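Please keep the sequence and the structure in view while working through the numbered points.

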Amino acid sequence: MHDIRAIRETPELYARAWSSKGLSGESLVAELLGLDETLRAAQTALQAAQAERNEASKKIGQAKAQKNEDEAQRLMAHVETLKRTLEEQAEVERTVGEELRSLLATLPNIPAPDVPKGAGEHDNVEARRWGEPFAISAPKDHVDLGEGLGLLDFEAAARMSGSRFVVLKGQLARLERAVGQFMLDLQTEEHGYIEVAPPLLVNDAAAYGTDKLPKFADDLFQTTDGRWLIPTAEVPLTSLVMDQVVAEEELPLRFTALTPCFRSEAGASGRDTRGMIRQHQFNKVELVSITAPEKSDEEHERMVGCAEAVLKRLELPFRTMLLCTGDMGFGARKTYDLEVWLPSQGKYREISSCSNTGDFQARRMNARSKKAGEKGTRFVHTLNGSGLAVGRTLVAIMENYQDEDGRIAIPQALHRYLPGLTHIGGKA
């Protein structure tokens, strides 16, 4: 959510920012300022009419005390006129205010100054890369590997749930569980995140506060009682500070959770239809930070490092991409994507996205902080990132650690979670 006062004071900034994200920036700013002007005019007229009505009511009493009935009747007629004015201006205030708030709720965050300009993913900038792609002759993709081992079953999942679901079995199910546990332990034991077991169903306020509503309603699953299945644990973790005033001395707050995530993938028709890359249900370890405004850029870099550490420990080659203005998400001020190497595709694919949203979400959910001894409060900054998507990490392990016999070696970092097991499937 944006502060209309900031748009009023720096309209050129917002026009340029929204234009850089492919929107009609100047037209949007003009529409916002027009609504704002109409709203403020109605509020001014409403206040003036209220003051005039109060003064007239006072004079009616005085006229009656002086037995001046003509003056009293004239003033009473004037009060009736003012009453109609008040009703009209109140209606303008309500409808225009609602229109302004609705429009502001649909507009994306503005990019940070150091975000590269660009229209799409081809304009993203590589910040760094780690590791060399594995030398695998004729690599199989994870679908062929998993089905060949009898441990991936897409047909059974389709019979019971439809497309974009999968059943994991045996050692592969154990490996997925081990991957999630490893990620949680790394983030809590070494990086200082607090583990949380949050609800998987949230209300409108939580979904709105984390910028999932109203824009992305079609991407979510809704229950019959109006709740929403979480698309990511970012929603409940960030909502821990919804409508709260946090002592600034307690910041930063760092939360993590391993949860199922549910997405309708409404806009993904025809994309990644094969395999586990894009599913309606998947597990993910989420990272969320709540910080003071001046600390959020530093926290963002730290969070990216925490996500990168997972891939480094698993010895999976990856690159870190700084997203351009046209490829960033709706709520993001700045985003880094981690892309892991997939041998079967011969390219890097997204496995994590880490974003600084600034005060964009905090304004929507009224999350503030307060320094000890000070009266005023200010909006916190919120950050979120995948640390990592478990399913995509499993895909990367399967493809990068495959051998000619169809076995999958288990990365060294996972050995303590799978005692006695060094490979999955294949020949002994």
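1. Helix α12 (residues 390-400) lies across β8, β9, β11, β12 and β15, and runs at about 35 degrees to β15. Helices (H or I, at least four residues) and strands (E, at least two) are DSSP runs, numbered from the N terminus. Axes are lines fitted to C-alpha atoms, for helices over the stretch in contact, and angles run from 0 to 180 degrees between N-to-C directions.

2. This is a predicted model, in which local features need pLDDT of at least 70 and side-chain atom pairs count only at pLDDT 80 or more, while totals for chains, interfaces and linings use all residues. Residues are numbered from 1 along each chain as its sequence is written, and side-chain values use heavy atoms, leaving out hydrogens and water.

3. The order β1-β10-β11-β12-β15-β9-β8-β4 describes an open sheet of eight strands with mixed pairing; two strands pair if DSSP finds at least two bridges between them. Because β1 (125-130) and β4 (194-195) stand at the edges with a single partner strand each, one side of each has no neighbour in the sheet. Helix α7 (residues 170-189) packs on the sheet and touches β4, β8 (253-262), β9 (281-291) and β15 (381-389).

4. Nine bridges join strand β11 (residues 334-342) to strand β12 (residues 347-356) in the antiparallel sense. Tyr 336 has Cys 354 in β12 as its bridge partner.

5. Is Glu 308 buried or exposed? Glu 308, found in helix α10 (residues 296-313), has 6% relative accessibility and therefore counts as buried (under 20% relative accessible area, with a 1.4 Å probe and protein chains only; exposed is over 50%, partly exposed in between). Leaving aside neighbours within four places in sequence, Glu 308 is in contact (heavy atoms within 4.5 Å) with Arg 128, Phe 318, Thr 320 and Leu 338.
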